[in-house]
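Student: I am new to this structure and would like a close look at a single part of it. Could you take me through that part slowly, in one connected answer?

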Amino acid sequence: MKHDKSFDVLVCGGGHAGIESALIASKLGCSVLLVTLDTKAIGRMSCNPAIGGLAKGQIVREIDVLGGVMGLATDHSGIQFKILNQSKGKSVWSPRAQVDKREYESYVSSRVLNNNKIEVLQGEVVSLLCSKGRVQGVVLRSGARAFGKAVILTCGTFLNGLIHIGQKKIRAGRMGESGAEGITEFLLSLGFVAGRLKTGTPPRLDGSSVNWNKTSTTHGDELPLPFSYETSSFDPPNVACHTTTTNLNCKEVIQENLKLSPMFSGDVGGVGPRYCPSIEDKVSRFAHHDSHTLFLEPEWLRSDQIYLNGFSTSLPEHIQIKALRLVPGLEHVRFFRPGYAIEYDFFSPAQLKSSLETKNLSGLFFAGQINGTSGYEEAAAQGLIAGINAAKLIQEKEPLILKRSEGYIGVMVDDLITKDTLEPYRMFTSRAEYRILLRFSNAHTRLCAHADKNNLLSPAREKKIRASLALIDKMLESLNRSVLPSKINSKLLALGENTINQATPLKNILKRPSVTLDSLALNVLSESNKEATAREAKIEVEAIIKYEGYIKRQQDQVDKMKKNESTPLPNNINYFEIKSISNEAREKLSFVRPETFGQAMRVSGVTPADISALSVLFLKRT
């Protein structure tokens, strides 16, 4: 860029968060400049070759209903699809897909590069242009400037990134790519509070060196479900993955060399993710276990490059190889690339509003790992929300704020801005107190109104979503009809259920634990049962009927919380002057500056007594 140029939205970073930000802002009519360190790396999957998983699958579904691209990209590039947790209740069923990393990257980068409202620039943002408390643009290392009405920072692990492999240290954003320096220091000069986190990645194995006969094979679902409501004619491959397990000999090698791991030698100051521990963490924290499962996942179709899920490590390369060659199937394993840990800067997300706009600087948004999160799905969701709200800010419209009861995205954003970020944040179903309401199969029911109000969907996706909702209504209506004992008792006996003595509504029979729509072979659909839309509609209908009482109870809880949840708090409260609350509450509330009573109630360190005192004072002031 030879001359200063102006855009509506400037997006810094070409990862999952940056892609969703740029695409949705352009969908909402904004001109967008996407600045990335490497235009050839847009959409690159830097870690595992998978999308979705526990709670993350629900997030991808929510992204899809709100106009994001991640679900479509997954369906386009997926090589194995599976619904996890099917042995448990439907509220925690979660879709997951293995993907072809190259196809995924190609698909999303083409969506960005072929968008005529997005200009892509290879460069590094080192500072911001600000005036009177509002961001006005960015400055690149080259000296070029770009002006914008909103700036979204999606820097991933690139902020002062430092890779650790044993005692070897490499300044990089990820292996083979330079990090970003300068923007952290500039933000600190504006008064932002930063910290340091770490994450890790396992070695990439040469598949030709693996003895596959000593591993176990796992496949996806025979009748898979797509992630995107827009996807049609869904018939993906079902490529096998494999598993093996570590053993006592492998464990002993790792234990003997823990002192060579930067995480244990004190070289790494950043805190790692508790729920995605390195192999060093596993043998140290779970010393009573002599073995751990390893997943061998192909990184793309017909690839010899294998992602060793479960063996994240920063041990020296020769120790990694020594330990793995003691594992069944890996006796002669070779690496394409060793595992490593990466340490990077992040900014406390308590400095953000619910819209992901910073509280200190109007027009500046943070999304992704800069907010202390970990995971593709969490980053993409934040990017989508930031992109929507940057456009809304420019258009002088109300931001899109999702409640905790409306989606996992709402839970995540609320957690980020109210809780202490002591480690990389990863989404789990257990984080959602209303998870019975937040099923993967009802994302469209929950969020369609937001999509309509904000004009987020393409005509094709909107049409498919409305057809799915209509199908669910049709099925529920059909289950209101009664069935005679002569028509149903033989099926009930076959299922070990008590028979009925009089005409009974089908939905009452479906409430029985062992009864499903398929087991009754009910003709409630004219559509083929193999059609993905119909199969998913049945999952949702069964959930609605079987969990009716639980759903009503949680909805009643949501309704009772609404008043406190949405009651606004003034932005200029001086909490240090409030003597009736604890010292910790004064400090935490002064830093977080909650926007509503609901947020204040969830700030770490704020007790019910503090909230009671605050409510009395607040009511007096109003």
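Tutor: Let us begin with a pair of residues, keeping in mind that this is a predicted model. I51 has A97 as its bridge partner, and A97 belongs to strand β5. In general, the strands of a sheet pair through backbone hydrogen bonds, in either a parallel or an antiparallel way. Widening the view, we find an open sheet of three strands, in which the order is β3-β5-β4 and the pairing is antiparallel. β3 (50–52) and β4 (78–84) are the edge strands, each of them pairing on one side only. If direction is ignored, neighbouring strands of this sheet are turned against each other by 20 degrees on average. A helix also belongs in this picture: α2, made of residues 56–65, lies across β3 and β5, and its course makes an angle of about 80 degrees with β3.

One cavity of 30 Å³ or more is counted, and the largest cavity holds about 40 Å³ of space. Its lining is formed by H16, I19, E20, V69, M70, Y104, V108 and A380. Helices α1 (16–27) and α4 (101–113) each contribute at least two residues to this lining, and the largest share, three residues, is from α1. Sorted by class, the lining has six nonpolar residues, one polar residue and one charged residue.

Terms used:
Residues numbered from 1 in each chain as written. Predicted model: local features only at pLDDT ≥ 70, side-chain atom pairs only at ≥ 80, totals over all residues. Heavy atoms only, no water. Pairing = 2+ DSSP bridges. Helix = DSSP H or I, 4+ residues; strand = E, 2+ residues; numbered from the N terminus. Axes fitted to C-alpha atoms, helices over the stretch in contact; angles between N-to-C directions. Contact = heavy atoms within 4.5 Å. 1 Å grid on protein atoms, 1.4 Å probe; cavity = no way out; pocket = protein on both sides within 12 Å on 5 of 7 lines; lining within 4 Å. Points joined across faces, edges and corners; volume = space filled by probe spheres on them. Nonpolar A, V, L, I, M, F, W, Y, C, P; charged D, E, K, R; others polar.
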